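Subject: Structure handover

Hello,

Here is the structure for your files. Notes on what was found in it follow below.

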Amino acid sequence: MRFHSPSIQYFHAVRRAGSIRAAARVLNVASSAVSRQILKLEQEVGSPLFERTARGLTLTTVGEMLARHVMNVLQDLDRFRSDVASLSGAWHGTISIACIESLTKSVLPDLIASHRGRARRVSFTTEVMGSSDVLEALSRGEADIGIAIALRHPPDLRQVALKRFRLGALVAREHPLARRKTVTLPQCLAFPVIHALPELSIYHLLQPLIAQLPETPEPAIQANSIDLMRELAARGVGVAFQTQLGIGRLSRDSQLVFLPLDNAGSPVWSDLGIYVRAERTLPAFTESFLQELVRELGERERRENAAYPQVA
């Protein structure tokens with residue numbers, strides 16, 4: 001069912017793909033057909049919408065303005081379709097999520113499995129990326145829901161919820177630190193450590209603590225993968241730093257011990273934000289999943305605070 005002209009659809013595809021040829025492949029049409037529709041739209045608008053760069057096509061200022069309008073139009077169309085489908089008592093559509101890696105071990109698998117059990121005609125698309133990339137994907141209309149370490153977000157995004165989780169050290173159960181209740185960063189640095197690379201938010205959370213040290217420590221290993229750092233810590237290779245959200249099975253199987261970081265008697269927090277586009281009204285099935293996500297993270301936050309009452 002097509003409600004809008006092909007030029008709108010083709011413009012949206014080119015914006016996302018970054019080239020006429022790539023958009024044509026996505027749309028399964030000839031490149032010349034896409035070029036004609038873009039030219040037609042530019043003539044109607046009275047201004048170029050794209051400019052060519054070494055990296056492909058990028059939006060002009062007018063193109064950016066049109067892109068925001070087109071995103072609203074197409075997302076409103078998705079909501080209309082889902083609202084019509086809900087009249088028959090069935091939700092139908094796709095929920096697109098952009099999130100950081102730590103959510104993929106237990107939080108999202110649990111929620112998606114539960115939601116799919118009740119609404120099997122709702123499908124999911126999930127992409128894992130860094131926190132800043134999550135916000136950019138959401139702004140570009142490439143995701144319905146974004147979950148990331150809380151950053152300063154642009155005005156076109158709305159922070160639905162903010163949840164706080166303790167940042168801690170992960171060690172193998174046989175590690176000399178494993179019997180402690182909390183640890184400081186200097187205590188951890190007495191052993192080989194596994195540091196996050198700058199593209200991960202953990203790196204930026206630890207930098208203020210590292211800056212307080214008399215000398216900069218040399219990590220044994222640096223990585224940009226939460227999974228890899230966690231697995232290395234479980235094997236006793238070194239001390240890694242994460243929240244409890246992504247530990248999952250390794251913690252339940254007692255392969256890993258989580259030790260909250262203590263910085264001069266204060267906890268070190270990792271703030272997790274849940275974001276949507278500010279101008280958008282979500283389809284009913286997406287809003288339902290969003291509220292489940294907020295409740296689940298809130299419950300996990302509550303349980304963690306209860307587990308560490310002396311430092312919460």
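Searching the whole structure turns up two aromatic pairs (rings of Phe, Tyr and Trp, the last by its six-membered ring, pair if their centres lie within 6.5 Å; planes under 30 degrees apart count as stacked, over 60 as edge-to-face and the rest as tilted). In one of them, Phe 11 and Phe 50 have ring centres 5.4 Å apart and planes at 45 degrees, so this pair is tilted. Phe 11 sits in helix 1 (residues 6-17) and Phe 50 in strand 1 (residues 50-53), so the pair links distant parts of the chain, 39 residues apart. Helices (H or I, at least four residues) and strands (E, at least two) are DSSP runs, numbered from the N terminus. Both Phe 11 and Phe 50 are buried (buried means under 20% relative accessible area, exposed over 50%, partly exposed in between, with a 1.4 Å probe and protein chains only).

Please keep in mind that this is a predicted model: local features need pLDDT of at least 70 and side-chain atom pairs count only at pLDDT 80 or more, while totals for chains, interfaces and linings use all residues. Residues are numbered from 1 along each chain as its sequence is written, and side-chain values use heavy atoms, with hydrogens and water left out.

On the chain overall, there are 11 helices and 14 strands. The C-alpha trace spans about 70 × 50 × 30 Å along its principal axes. Of the 312 residues in the chain, 48% are buried.

Two backbone points may be worth a look. Most residues other than glycine have a negative phi. Asn 28, however, has a positive phi, near 60 degrees. Asn 28 lies in the loop between helix 2 (20-27) and helix 3 (31-45), and is exposed at a relative accessible area of 70%. Ala 264 also has a positive phi, near 55 degrees. Its place is the loop between strand 12 (262-263) and strand 13 (266-267), and with 78% relative accessibility Ala 264 counts as exposed.

Last, a pocket. The lining of the second largest pocket consists of 28 residues, with Ser 131, Ile 149, Leu 200, Ser 201 and Ile 202 nearest its centre (on a 1 Å grid over the protein atoms alone, a pocket is an open set of points where a 1.4 Å probe fits, with protein on both sides within 12 Å along at least five of seven lines; lining residues have an atom within 4 Å of a point). Helix 6 (131-139), helix 8 (201-211) and strand 14 (269-277) each give two or more residues to this lining. Helix 8 supplies the largest share, four residues.

Regards
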